[in-house]
Amino acid sequence: VNTVGGADDVWTTSAAQHLTYCVTNDFPAADKQRAISEMRQATRAWEAEAHVHFQYVSSQDASCDNTNTSVTFAVRPWTSSGACSFFPSGSACVPRTLVINFNDLDTNPFYMTNSPNVRTVGVFRHELGHILGLRHEQVRVATSCGAESTTWRGVTPYDHASVMHYPWCNGVLTSDL
């Protein structure tokens, strides 16, 4: 789990039961439907494993960005590679936003070679893990992926097959996240 000032960076129990999100209309139509469907699958996967609840608020899609206080976070397209999200304390590439580049994740040869079973629904699951306060699992061991922040606390035994472990960082190459 991510830590800030020595404390776990997680939602309060009540906040974790009411994590709301919108999916911006800035996605092209087919990608928006894909984002809605895959977010539904990814949020349900976390709800089945953790004491959390996500709710999609479609009425906020027209104004879906990180300034919209009617939702906890926005889901938006991204032009950089892969995807990125934020920690509960706010540290992020884009505050209060989960960003994803479907085209990059679908067509980049790096992902096809180094994580052949990862699909974007798995990327959504992984990014939601960050939103819940989880760090990359590989921060716990030396990998070829380089050092990350040391502001974390282990809460389970190390798991190289974790949804939070990049397959290409000494993880499980067949992982689907």
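Arg 34 and Glu 38 sit together in helix 2, four residues apart, about one turn of the helix. Their side chains meet in a salt bridge, with N to O at 3.3 Å. The model is a predicted one. Arg 34 is partly exposed, at a relative accessible area of 22%. Glu 38 is buried, at 12%. The two fall on either side of the cut-off because buried means under 20% relative accessible area. The pair also belongs to something wider. Arg 34, Glu 38 and Asp 106 are linked in a network of salt bridges.

Helix 2 holds another such pair. Arg 44 and Glu 47 both lie in it, three residues apart, again about one turn of the helix. Their salt bridge spans 3.2 Å from N to O. Arg 44 is partly exposed, with a relative accessible area of 42%.

Side chains of opposite charge can pair when their charged atoms come close. How many salt bridges does the count come to? The count comes to nine. One of them joins Asp 8 to Arg 153, where the closest N and O atoms are 2.6 Å apart. Asp 8 lies in strand 2 (residues 7–8) and Arg 153 in the segment after helix 5, so this pair ties together parts that are 145 residues apart in sequence. Asp 8 counts as partly exposed, at 35% relative accessibility. Arg 153 also counts as partly exposed, at 40%.

Asp 104 lies in helix 3, which covers residues 102–107. Asp 104 is buried yet has no salt bridge. Which side chain of opposite charge is nearest to Asp 104? It is Arg 34, at 11 Å. That distance rules out a salt bridge, because the pair would need a side-chain nitrogen within 4 Å of a carboxyl oxygen. Asp 104 does have a polar neighbour. Its side chain reaches the backbone nitrogen of Gly 82 at 2.7 Å. Beyond its neighbours within four places in sequence, Asp 104 is in contact with Ser 81, Gly 82 and Tyr 111.

Is helix 5 mostly covered or mostly open? Helix 5 is mostly covered, with twelve of its twelve residues buried. From first C-alpha to last, helix 5 reaches 16 Å, close to the 16 Å expected at 1.5 Å a residue. Just after helix 5, Gly 133 takes a positive phi of about 110 degrees.

Further along comes Asp 159, in the segment after helix 5 (120–131). Asp 159 is partly exposed, with a relative accessible area of 34%. Leaving aside neighbours within four places in sequence, Asp 159 is in contact with Glu 137 and His 165. Look back from there to helix 5. The C-alpha atoms of Asp 159 and Leu 128 are separated by 18 Å, and the two residues are 31 apart along the chain.

The aromatic rings come last. A pair of such rings is described by the distance of the centres and the angle of the planes. A search of the whole structure finds ten aromatic pairs. Which residues do ring pairs link into a cluster? The cluster is made up of Tyr 21, Phe 54, Tyr 56, Phe 73 and Phe 86.

Technical notes: Residues are numbered from 1 along each chain as its sequence is written. This is a predicted model: local features need pLDDT of at least 70, side-chain atom pairs count only at pLDDT 80 or more; totals for chains, interfaces and linings use all residues. Side-chain values use heavy atoms; hydrogens and water are left out. Helices (H or I, at least four residues) and strands (E, at least two) are DSSP runs, numbered from the N terminus. Buried means under 20% relative accessible area, exposed over 50%, partly exposed in between (1.4 Å probe, protein chains only). Lys and Arg count as positive and Asp and Glu as negative; His and the chain ends are not counted. A polar contact is a pair of N or O atoms within 3.5 Å; within protein, one must be able to donate a hydrogen and the other to accept it, and residues adjacent in sequence count only if both atoms are side-chain atoms. Contact means heavy atoms within 4.5 Å. The expected span of a helix is 1.5 Å times one less than its number of residues. Rings of Phe, Tyr and Trp (its six-membered ring) pair if their centres lie within 6.5 Å; planes under 30 degrees apart count as stacked, over 60 as edge-to-face and the rest as tilted.
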